[in-house]
Amino acid sequence: MASSTTDTNLIELLTNISEQLNRYLSSIIFIFGTVGNILNCLVLCQRRLRSNPCVALFLLSSFVSLISILIGLPTRILASWYLDPTATINWICKLRVFIVFSTRTMSIWLITLATIDRWLLSSINMYYRRMSTLKNVKQGMIICFILSIISHIHMFYCYEANVLDGPLPCYSKTIKCRLVTDLIYIFISIIIPLILIIIFGLMTVSNAHRVRTRVPHMIKLLNKFQRHGHKQLKSRIDHCLLRMLLVQIFILILCCIPQAIEKLYIIFHPFSSGSKLENVIKIFIYNIVLLLAFIQNGIPFYIHTLIGGTIFRKAFMDFVRIVNQRITF
C-alpha cells in the first residue's frame, strides 16, 4: 500500500512538472528563440557579412530554426492548457510534425556544412581553400533541403492525432512507423551530422594549430602588409566565425546526445510497455529532450553575441543604429 501511494505521488509530481515545463519553459524558449533568430537573420544579412560562405550557412540555419520554433513550440505551450489542436486535428498534426522535424534536420546539416567550410578555409592546400565559395555553399543548401524533405516525408502517413499509446496525442500510429521515424531521426538528424561535425571540427583546429606553429613568419608578414586592408578584416571575420562555430558545436553535442539516447531507449522499451510509473517517467524524459531540441534551435544568437567578438557585436550595433535612424527620420 505504501509503495502504491509513493508511485501515485511520484506520477502526479512528474506529470505536474511536465505541464509546468511545457507551460513556462516552452514560453521562455519561444520568446528568446524567436527574438534571437530574428536578430541573427537581420545582423547576418548585412552586406559585409553575407558574402562569407559560413555566414550564409549561419543565416539560413537561423531562418529554419526560427520556423521550427514558431511552428513547434506554440502547440507545446497550448498542450499545457489542454488546447493543443494537433491532439485532435489530423492535418495540423501531420503538417506540424513534418515542418518541425525537417527544419530541425536542415538546421544541424547546415551547421555541418559550416564546419566543413571552415575546414576547407583553414587548410594549407590552396585547392581546398578555393572550394570555400558561395556557389558551393548554395549547392550544399539545396542538398540539405532535399535530404530533410525526403527523410521526413513519411510522417504524413505515419503520424495521426488522437493516439492513445504515445507520449503525445499527435504521434506515430504503428510500431513500424515509430521504429522508422526514430531510426531516421537518430542517424540522419543526430549521429551522422554530429560525427561529421566532430571530425571536421577537430581537423579545423588541427589545421589552425599547424599554420600557427609551422609558418609564424608568414603570418607576421601578412599582418604587416594587411594591417589596414580588406584582407585583414576578412581574416578577423573568419577567426570569429570559427570561434562561434566551435561553441555552437559544443552546444549541439550537449543538446543532441540526450535525444539520441532517449530515442534508442524507446526503440527497445516502447511507450506503454511497462508499468504506469515507468510510462510517466518515459514521457517526462521525452518532454525534457524535446525542449532541449528547441533550446538548440533558439540559442545561436546569444552564442554569436557572447563569443563572436567585436565583429558580430559591431554588426549588431550597426544594425541598431540604422533602425534608430530610420525611426528618428
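A residue is called buried if its relative accessible area is under 20%, exposed if over 50%, and partly exposed in between, using a 1.4 Å probe and protein chains only. Helices are DSSP runs of H or I with at least four residues, strands are runs of E with at least two, and both are numbered from the N terminus.

Two notes on the source. This is a predicted model, in which local features need pLDDT of at least 70 and side-chain atom pairs count only at pLDDT 80 or more, while totals for chains, interfaces and linings use all residues. Residues are numbered from 1 along each chain as its sequence is written, and side-chain values use heavy atoms, with hydrogens and water left out.

With those terms, look at helix 12, residues 300-307. Pro 300, Phe 301, Ile 303 and His 304 are buried there. Viewed down the axis of helix 12, the buried residues fall within an arc of 160°, so they line one face of the helix. The arc is taken over the directions from the helix axis to the C-beta atoms. As background, an α-helix has 3.6 residues a turn, so residues three or four places apart point the same way.

Now the whole chain. It has 13 helices and two strands. Of its 329 residues, 45% are buried. A contact means heavy atoms within 4.5 Å. Among contacts in the chain with a separation of 6 or more, 79% are between residues 24 or more positions apart.

Next, helix packing. Two packed helices are described by the angle between their axes and the distance between the axes. Here the axes are lines fitted to C-alpha atoms over the stretch in contact, and angles run from 0 to 180 degrees between N-to-C directions. Angles under 35 degrees count as roughly parallel, over 145 as roughly antiparallel, 65 to 115 as roughly perpendicular, and the rest as oblique. A crossing is left-handed if the near helix is turned anticlockwise from the far one by less than a right angle, and right-handed if clockwise.

Helix 3, residues 53-79, packs against helix 4 at about 160°, with the axes 8 Å apart. That angle makes helix 3 roughly antiparallel to helix 4, and the crossing is left-handed.

Helix 3 also packs against helix 6, residues 134-152, at about 25° and with an axis distance of 9 Å. Helix 3 is therefore roughly parallel to helix 6. This crossing is right-handed. On the helix 3 side, Pro 53, Ala 56, Leu 57 and Leu 60 meet Leu 134, Val 137 and Met 141 of helix 6.

Helix 4 contributes Arg 96, Val 100, Arg 104 and Ser 107 to the contact, and helix 11 contributes Ala 293, Phe 294, Gln 296 and Asn 297.

Some single residues. Leu 121 belongs to helix 4 and is partly exposed at 24% relative accessibility. Leaving aside neighbours within four places in sequence, Leu 121 contacts Arg 129, Ser 132 and Asp 238.

Is Tyr 159 buried or exposed? Tyr 159, in strand 1, is buried, at a relative accessible area of 4%. Its contacts, not counting residues up to four places away in sequence, include Cys 93, Lys 94, Val 97 and Phe 101, as well as Tyr 171 and Ser 172. Tyr 159 and Lys 173 are 14 residues apart in sequence and 5.9 Å apart, C-alpha to C-alpha.

Last, backbone angles. Most residues other than glycine have a negative phi. Tyr 82 has a positive phi of about 60°. Tyr 82 sits in the loop between helix 3 and helix 4 and is exposed, at 65% relative accessible area. Asn 162 also has a positive phi of about 60°, and Asn 162 lies in the loop between strand 1 (159-160) and strand 2 (171-172).
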